[in-house]
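Thanks for coming, everyone. Let me put the sequence and the model up, and then we can walk through a few places in it.

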Amino acid sequence: MANEEDDPIIQEIDVFLARSLLEKLYLFQYPIRPASMTYDDVTHLSAKIKPKQQKVELEMAIDTLNPNYCRSKGEQIALNVDGTCTDETSTYSSKLMDKQTFCSSQAASNVSRYAAAVYKKGELHLTPLHGILQLRPSFTYLDKADAKHREREAANEGGDSSQDEAEDDVKQITVRFSRPETEQARQRRVQSYEFLQKRQAEEHWVHLHYYGLKDSRSEHERQYLFSQGHGLAENTELIKSPSEYLMMLMPPSVEEENDKPMAPSNVLSMAQLRTLPLADQIKILMKNVKVMPFANLMSLLGSGTDPTAVLRCVQQVALLVQGNWVVKSDVLYPKDTSSPHSGVPAEVLCRGRDFVMWKFTQDRWVVRKEVAAVTKLCPEDVKDFLEHMSVARINKGWEFMLPYDEDFVKKHPDIVQRQQMLWMGIQAKLEKVYNLLKEHLTPKKQEAQSAHPLLVSGEQRVNMAKAKVKQNYGQLEKEFQKQKAEMKSNDTSAKMDVPNARIKEEPVSVEEPMDTSAHNEGLNNGLVNGLHPAQGSTEPLNGHLPGGCIDRVAQELKAFVSSTFKKQFVLTLSELKRLFNLHLASLPPGHTLFSGISDKMLQDMVLDTGCKQILVPFPPQTAASPDELKVYALWEAGDTYDQHRQVLLEIFSKNYRVRRNVIQNQLSQECGEDLNKQEVDRVLKVSFSSLW
């Protein structure tokens, strides 16, 4: 009450709405006029309008007799625009800039809340505005002056050149046929700036007649700003409730209404989300989260939600992958949409994303290059698919972002079975579309879906191996005794004390049998650990020989090593083992070399035959195996290249990579003879034929 007493009502004014000039009344905003152009002496020479564009051009006279007007400047502008000659096309016929053109632009796009008001005899009459136009000076006369200048220069140049040319040159004309315009190309052309400018230029100007402020026609039109009838029946717009009247005065902005987000990630709160139907809640959540366990989904939906109803709804918008729900592709990529990266239609994107989801049903890991090679999509689209449901791991690939949900799989076997049937149908479609190979369709083992990979340390592996050896010890001893008995009956000349034979258990690190599985796979002709299962050997399985057979095995092994190094003077241990396995495959069953030759026995025999180990300084980061790093060479073969070979071995013992010119210079210095390129190549080929 105190505030009302401090601000009393002085006068009440009746407000009327005038409708006579509705959709016809414009407000012109003029720029600040110069001193030579006042409100009283302004003369409108012409006016024209484009109604559709609401564009107006006014031509106003300038008072050239005003003392503030610079006459020399006006004459210079007129001379630049029209030149020295005057005709009907001249802009300034008086050879003086005596007029100014103003062009309009829209000041506001929405003028529905603006009105022109007239106050008369205690009454306020309002007329809604149809447009607000700002008038600015137009400088098209400067463009005309530049055009005139270019024409004069072209005419001068053309006159000089025409005197030297008798006739015009013949010019070649290229004829091109335009292709049929597609719908997308037409839409781009319609939205281009050039097309809009062309359409605006096509609208014709409507010339207007200007009436001054004190003209009788202006006085007559000004009367339409007042309401013609004061009855309430003609002013029904003002018979509103206070809230409706306030809404009319300040209506909500259309742009603000369109900017309201619909997704929960922006403005929609969880309280607002739960007011929606259950199916819409699940669809919005899955569309934003993309991958979610069922337990998390139930927690977001609130207490009291029926799990059966949730399962029924979630199957409509998501698929089960490793026990978790992943949003369907057609929910993320609706029909008639396209990729923001490549413009690929939604149907192709859905197939590509379904392939990624299907791959995660087979394994926890997916390789990005494999997906791109099958789907033929751009890398950006493939990366979007993978980021929806997986996490990138360095040097491994993309791993599914959530662990395998065993609880859901155990509680809902019917849902899991139904989802498996759906995936079988999706797989059949993908096979037809992408022509998938057998390697893509091979399902992985169920253990691959374990959340944590099984890690076994080196110590655990050793303990497991020892336990396995102790478990099979009895069986191996029985087989050994049986083989000894057969060997005694077949070879009566060999007097062997079978009861005294014992299997000596030695540490693995002292002398283990040579591993030949990586080299003689497919070449062993039925060999099992170097032995034919059909016939017994004269040597035991563990590599230990009876006393009478040691010399015979050594002789056979030495003969093999000597003949091999005489053919190939330099060999790595890996290559030597490969050749030895090939030699074993060519021997008859029961040969003495089938006793089991260890790596140590083979290397000792190589050194005993006159070979030397060459310590080549390989780089630390080399990818070669340890057997490939051990290099052996025959030092003296008794041929003409012994000295050259020894020089080469000395060179490679200092550096593993040497230039050819260095080798040539070193051979020339050490051997005392000049070798050309062909002779150096011959020495290298003879000495390192196995490595050439």
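**Positive phi in a loop**

Asn-395 is found in the loop between β14 (390-393) and β15 (397-400). Helices (H or I, at least four residues) and strands (E, at least two) are DSSP runs, numbered from the N terminus. Phi of Asn-395 is near 60°, a positive value for a residue that is not glycine. Most residues other than glycine have a negative phi. Asn-395 counts as exposed, at 80% relative accessibility. On terms: buried is under 20% relative accessible area, exposed is over 50%, and partly exposed is in between, with a 1.4 Å probe and protein chains only.

Before I go on, the ground rules. This is a predicted model, where local features need pLDDT of at least 70, side-chain atom pairs count only at pLDDT 80 or more, and totals for chains, interfaces and linings use all residues. Residues are numbered from 1 along each chain as its sequence is written, and side-chain values use heavy atoms, with hydrogens and water left out.

Next, Lys-376. Its phi is also positive, near 60°, and again the residue is not glycine. Lys-376 lies in the loop between α15 (368-375) and α16 (379-389). Lys-376 is exposed, with a relative accessible area of 68%.

Then a hairpin. Strand β6 (residues 115-120) pairs with strand β7 (residues 123-128), antiparallel, over six bridges. Two strands pair if DSSP finds at least two bridges between them. Take Ala-116: its bridge partner in β7 is Thr-127. Two residues sit between the strands of this hairpin, and Lys-121 takes a positive phi near 55° there.

**The chain as a whole**

The protein chain has 27 helices and 18 strands. Of its 692 residues, 32% are buried. Now contacts, meaning heavy atoms within 4.5 Å. Among contacts with a separation of 6 or more, 66% are between residues 24 or more positions apart.

β16 pairs with strand β18 (residues 631-634) over three bridges, in the antiparallel sense. Val-570 stands opposite Ala-633 in β18.

**A buried aspartate**

Over to helix α14 (residues 346-362), which holds Asp-354. Asp-354 is buried yet has no salt bridge. A salt bridge here is a side-chain nitrogen of Lys or Arg within 4 Å of a carboxyl oxygen of Asp or Glu. The nearest side chain of opposite charge is Arg-353, at 5.3 Å. For charge, Lys and Arg count as positive and Asp and Glu as negative; His and the chain ends are not counted.

Which side chain makes a polar contact with that of Asp-354? Ser-329 does, at 2.8 Å. A polar contact is a pair of N or O atoms within 3.5 Å; within protein, one must be able to donate a hydrogen and the other to accept it, and residues adjacent in sequence count only if both atoms are side-chain atoms. Not counting residues up to four places away in sequence, Asp-354 touches Ser-329, Trp-423, Ile-426 and Leu-430.

Ser-329 is in helix α13 (residues 329-332). Ser-329 is buried, with a relative accessible area of 3%. Beyond four places in sequence, its contacts are Cys-350, Arg-353, Asp-354 and Met-357. Ser-329 and Cys-350 are 21 residues apart along the chain, with their C-alpha atoms separated by 5.0 Å.

Thr-361 counts as buried, at 17% relative accessibility. Its side chain reaches the backbone oxygen of Trp-358 at 2.3 Å. The side chain of Thr-361 also makes a polar contact of 3.4 Å with the side chain of Gln-362.

Last, Ser-563, in helix α21 (residues 550-567). Ser-563 counts as partly exposed, at 34% relative accessibility. A polar atom of its side chain lies 3.0 Å from the backbone oxygen of Ala-559. For the backbone oxygen of Phe-560, the distance to a polar atom of the Ser-563 side chain is 2.9 Å.
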